[in-house]
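Have a look at the structure, then read on.

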Amino acid sequence: MQLFSILPIILIFAPLALLLSFTPYLTRETISFGVTVSQYNYYTPILRKLRSTFATVSLIGNGMIILVCLYFLRSANEDATAMITGVSTMIFIVYWAALHILFHFKMKKIKGTLTTVEAPQRVKIDTTFRQNKLTYSNYWFLIHMAIIVAIAIISILNYKALPNVIPIKYDLQGHVTSSVPKTYLSVLAINLVQLGIIALMMLVNWSIKSSKQQLTTSNPGQFATENIQFRRKWSLFTLVTGLLLTILFAFIQINMFVPNLVLLTAISFITPVVIVLGVVWLSLTGRQGGGKIRNQQEDHERSKEQPVNDDDYWKLGFIYFNANDPSLTIEKRYGIGWTINFARPLSWVLLLFIIAIVVISIVLSQ
């Protein structure tokens, strides 16, 4: 079994399996499997057991997928490794999605049995919220751009020194598995991929800043402060992730002129692991929208007021579709991060733009 075949499975899939399994513990205390509940009901025994059951079933299922993947990788060649990893990733995603949908419908049935307080639903808005510095400026991406431009200039100046055929892929033993004729496009293709990545990172940072404001009815002032911290934390992570990926692709491009497969392999392996572990660490140290994961309040201190019920706008608990909401982006209801309002035409334009960047980047990197 190749070491570099199993390490990504262990160091990337395993942390992701842990994160996805404990996602119900990371969402807002007014959301349970994509269904609105009061903070008090969130901590009732029946919902505690539901979260525990989900985590157990998810960990067992994901663990089996990882073990089966490792079993088939033990004697797989380069091509088979890529296929096995790809298939395992798809099964991993489908299993988690199916599990979420199953528990979402279970939660919808349970909601009708929960005790609620009859009171007018209130929406609170902080009119000064947008005056705060919610994210780090996109101007910080000028550092990333400077690296891209510098590497592009170095590539152009050393263009004649390159062989007529440029190796672009290697197997785990360092043998060339794919190469392309030398052209300015093939040499600068990586820079175009970097620009696409930076465009995506800037879009993510913008969505963090512009996403819809959502406050709790109980202690909204404290939640607003925590929400600002939450946004800035993930904004900084977006900047760092973009920088790490920019540096990674810069090393790949430099490798054309100064081959160093040991260093390139190490950086190519370490970068995605660091990013994934960063996602897991940030997610497990803060709740979606802001606040601590562990709530030390006593039951009588928790609000029994039912939050605004917008469940009808969340299809399957994670797809937001509300034509009456002018917001383009909104915090995810299930999990950590942000999503788009699919009822807004511009959202589809943004989605197609993202898909186009990903597809073009994949084509250019081949």
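## Before we start

A residue is called buried when its relative accessible area is under 20%, exposed when that figure is over 50%, and partly exposed in between. Keep in mind as you read that this is a predicted model.

## Salt bridges

How many salt bridges does a search of the whole structure find? The search turns up five. One of them pairs Asp311 with Lys111, whose closest N and O atoms are 3.0 Å apart. Asp311 sits in the loop between helix 8 (261-284) and strand 5 (314-315), while Lys111 belongs to helix 4, so this pair ties together parts that are 200 residues apart in sequence. Are these two buried or exposed? Both Asp311 and Lys111 are buried.

Next up is the salt bridge between Asp310 and Arg333, with 2.3 Å between the closest N and O atoms. This pair also links distant parts of the chain: Asp310 is in the loop between helix 8 and strand 5, and Arg333 is in the loop between strand 7 and strand 8, 23 residues apart. Asp310 and Arg333 are buried too. Through shared partners, salt bridges join Lys111, Asp310, Asp311 and Arg333 into one network.

## Lys212 and Asp325

Another salt bridge brings together the side chains of Lys212 and Asp325, at 3.0 Å from N to O. Lys212 is found in the loop between helix 6 and helix 7 (220-254), and Asp325 in the loop between strand 6 (319-320) and strand 7 (329-331), so the pair ties together parts that are 113 residues apart in sequence.

The partners have their own levels of cover. Lys212 has a relative accessible area of 26%, so it counts as partly exposed. Asp325 is buried, because its relative accessible area is 5%.

Tyr139, Leu142, Met145, Leu185, Leu192 and Leu195 make up a nonpolar surface patch of about 620 Å². Helix 5 (141-157) and helix 6 (184-210) are the elements that give two or more residues to this patch. Which element gives the most to the patch? That would be helix 6, with three residues.

Tyr139 is in the loop between helix 4 (78-111) and helix 5. Tyr139 counts as exposed because its relative accessibility is 68%.

Let's follow helix 6 along its length. At 1.5 Å a residue, its 27 residues should span 39 Å, and the end C-alpha atoms are 38 Å apart, which agrees. Where does helix 6 bend? The bend comes at Ile190, and it is about 35 degrees.

Over in helix 5 you'll find Ile153. With a relative accessible area of 45%, Ile153 is partly exposed. Ile153 and Leu188 are 35 residues apart in sequence, and their C-alpha atoms are 9.6 Å apart in space.

Last stop: Thr339, which is part of strand 8 (residues 338-340). Its relative accessible area is 14%, so Thr339 is buried.

What is Thr339 in contact with, leaving aside its neighbours within four places in sequence? The list runs through Trp314, Leu328, Thr329, Ile330, Glu331 and Lys332.

Methods:
Residues numbered from 1 in each chain as written. Predicted model: local features only at pLDDT ≥ 70, side-chain atom pairs only at ≥ 80, totals over all residues. Heavy atoms only, no water. Helix = DSSP H or I, 4+ residues; strand = E, 2+ residues; numbered from the N terminus. Buried < 20%, exposed > 50% of the residue type's maximum accessible area, 1.4 Å probe, protein only. Contact = heavy atoms within 4.5 Å. Patch = residues over 30% accessible without salt bridge, like charges linked within 9 Å, V, L, I, M, F, W, Y side chains within 5 Å. Areas by Shrake-Rupley, 256 points an atom, 1.4 Å probe, with all protein chains shown as cover. Salt bridge = Lys/Arg side-chain N within 4 Å of Asp/Glu carboxyl O. Expected span 1.5 Å × (residues − 1). Bend = angle between axes of the 7 residues up to and from the residue.
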